[in-house]
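Take a moment to look over the model shown here.

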Amino acid sequence: MKRHYSIEELSTYIDGEAEEPEQVAEHLRSCASCARLHEELLNLSGHVRALPSVEVRPEFLTRVMANAGAARGRQRSGFGLAGLRLALAAGLAVLALVAAVLYTARGPMRTPAPAESALRQTGDTGLAQGLAKVQATETGETFEDTGGQGSFDGASVDEMIAGLSETEWFGTLAADWEAEDDLDAMLNSMGEDEEADFRNLLREYAEKGRVT
Amino acid sequence: MDLRESGMSDWDLVSCAQAGDMDAFAELVRRYQGPVVQFCYRMTGSAQDAEEIAQDSFVRVYGHLRRLKPRAKFSTFLFGVARNLTLNFLRDAKRRGRGVTEPLDTVSYAVQDDAMRPDRSARRHEIELLVERAIALLSPEHREILVLREVNSMDYEAIAAVLSCRKGTVKSRLARAREQLRTQVLGLGGELP
């Protein structure tokens with residue numbers, strides 16, 4: 001008989017996302033322990049789904065539409081490329097400085113985030129360390145420094161974007177810009193020209209180490 | 001033309017709204033106001049805060065309407081904005097020393113709002129209170145994924161898009177969220193089978 005199924009496997013099964021649902025179903029027919037856990041998870045799911053929903057008041061739509069009209073004016077006087085250029089330069093400088101300072105830092109081990117791992121693979125350990133520090137600060141963790149230089153050298157534009165999107169600094173920039181504090185969402189909201197400009201700014205930094 | 005019965009896709013409506021058709025944007029709000037408010041409500045535990053965050057989410061989306069491109073589902077973008085605003089709200093609330101939610105107060109608020117629900121048994125009501133309180137005790141990371149799945153009925157792919165993570169991460173994080181919820185419910189004296 002197969003080993004007992006884990007909560008993750010049963011959770012995936014009840015969501016209809018299991019890779020081999022027939023095997024799970026067959027196992028549940030013969031294993032009381034897994035069947036009990038499965039039933040508990042199903043009940044839990046049912047209870048959450050059955051919770052009463054909050055009513056949306058009729059004035060909700062009116063308020064949104066009124067505020068949307070006001071937002072239209074702000075949209076016309078947005079942050080602008082010049083502001084983005086300045087903020088980007090400042091942000092990248094801060095990140096580079098953080099990375100440089102971290103060159104000598106030491107601390108207990110932590111698990112690298114995906115963007116950090118990607119940057120390490122490109123050889124940009126300085127930026128990876130900068131990100132590690134920023135992320136560790138945000139989560140209250142400590143981190144281990146493995147050395148490196150504070151620059152974007154060797155990182156592609158996409159890798160820099162991946163790295164930047166995880167920093168609190170970018171969230172602040174995006175908030176100031178009245179955009180979402182998620183880089184993917186912000187890129188998605190940019191026009192093609194704006195996105196091209198943004199990528200060019202990053203490329204410029206990657207090549208020259210500064211934004212002019 | 002009545003947009004509510006037109007069968008227009010979300011991106012058709014976005015396109016009309018981009019051209020200045022406010023009725024098209026209003027229809028988008030009508031389509032998603034319920035799900036977005038529910039998401040914010042289950043995240044914050046407050047109907048009033050949920051409405052404000054949801055309202056702000058739509059206004060922000062409108063502010064960026066001209067630059068929206070149909071790269072993914074419109075709902076993914078909208079929920080991404082609502083999620084970010086909700087997390088910001090929760091962070092600010094934590095900084096101010098206010099609890100993420102006030103489970104018991106919140107629960108009473110919700111129940112009173114529901115016209116006493118005379119047809120519901122006391123047992124059913126008790127379970128609701130318990131589950132609501134257990135959800136409020138989860139971390140925002142676990143709460144959001146659970147709410148997107150169970151309350152907003154999103155599949156793993158849609159959740160991954162909203163959270164900007166991989167499908168495999170959704171799978172494992174959702175399982176951990178359920179495990180935590182189960183622990184909380186049992187810890188609060190609930191029974192699941």
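A helix here is a DSSP run of H or I with at least four residues, a strand is a run of E with at least two, and both are numbered from the N terminus. With that in hand, chain A reads α-α-α-α-α-α-α-α-α-α-α along its sequence. That is eleven helices and zero strands. The model is predicted.

Chain B is built of helices too. Its secondary structure comes to nine helices and zero strands. Along the sequence the pattern is α-α-α-α-α-α-α-α-α.

In chain B, 45% of the 193 residues count as buried.

Contacts tell how each chain folds back on itself. Take contacts between residues at least 6 apart in sequence. In chain A, 65% of these join residues at least 24 apart. In chain B, the share is 66%.

Now go inside. Nonpolar side chains tend to be buried together in soluble globular proteins. In this model the largest nonpolar core has 67 residues. Val36(B), Cys40(B), Ala82(B) and Leu146(B) have the most contacts inside it. Which helix gives this core its largest share? It is α2 of chain B, residues 22-44, with twelve residues.

Stay with α2(B). Of its 23 residues, 17 are buried, so the helix is largely enclosed by the rest of the structure. The helix is not straight: α2(B) bends by about 50 degrees at Tyr32(B). A proline, Pro35(B), follows within four residues of that bend. Next look at Val36(B). Setting aside residues up to four places away in sequence, Val36(B) touches Ala54(B), Ser57(B), Leu78(B), Phe79(B) and Ala82(B). After α2(B) comes Gly45(B), with a positive phi near 80 degrees.

Next, see where the chains meet. The contact takes 52 residues from chain B and 43 residues from chain A. On the side of chain B that touches chain A, the elements giving two or more residues are α2, α3 (47-63), α4 (74-95), α6 (122-136), α7 (140-151) and α9 of chain B. The largest share of that side, ten residues, comes from α2(B). By class, the side has 26 nonpolar, eleven polar and 15 charged residues.

How do they pack? From α7(B), the contact uses His142(B), Ile145(B), Leu146(B) and Arg149(B). From α9(B), it uses Val170(B), Arg173(B), Leu174(B), Arg176(B), Ala177(B), Gln180(B) and Leu181(B). The residues of this contact divide into six nonpolar, two polar and three charged. Leu146(B) is also one of the residues with the most contacts inside the largest nonpolar core.

End at Lys167(B). This residue lies in helix α9 of chain B, residues 167-187. Is Lys167(B) buried or partly exposed? It has 13 C-beta neighbours inside 10 Å, so Lys167(B) counts as partly exposed. A buried residue would need 20 or more. Leaving aside neighbours within four places in sequence, Lys167(B) is in contact with Tyr156(B), Glu157(B) and Ala160(B). Lys167(B) and Glu157(B) are ten residues apart in sequence, and their C-alpha atoms are 6.0 Å apart in space.

Methods: Residues are numbered from 1 along each chain as its sequence is written. Chains are lettered from A and ligands numbered from 1 in the order in which they are written. This is a predicted model: local features need pLDDT of at least 70, side-chain atom pairs count only at pLDDT 80 or more; totals for chains, interfaces and linings use all residues. Two residues are in contact if their C-beta atoms, placed from the backbone, lie within 7 Å. A residue is buried if 20 or more other C-beta atoms lie within 10 Å of its own, exposed if 12 or fewer, and partly exposed in between; C-beta atoms are placed from the backbone. A nonpolar core is a set of buried Ala, Val, Leu, Ile, Met, Phe, Trp, Tyr and Cys residues joined through C-beta atoms within 7 Å. The bend at a residue is the angle between axes fitted to the seven residues ending there and the seven starting there. Ala, Val, Leu, Ile, Met, Phe, Trp, Tyr, Cys and Pro count as nonpolar, Asp, Glu, Lys and Arg as charged, and the others, Gly among them, as polar.
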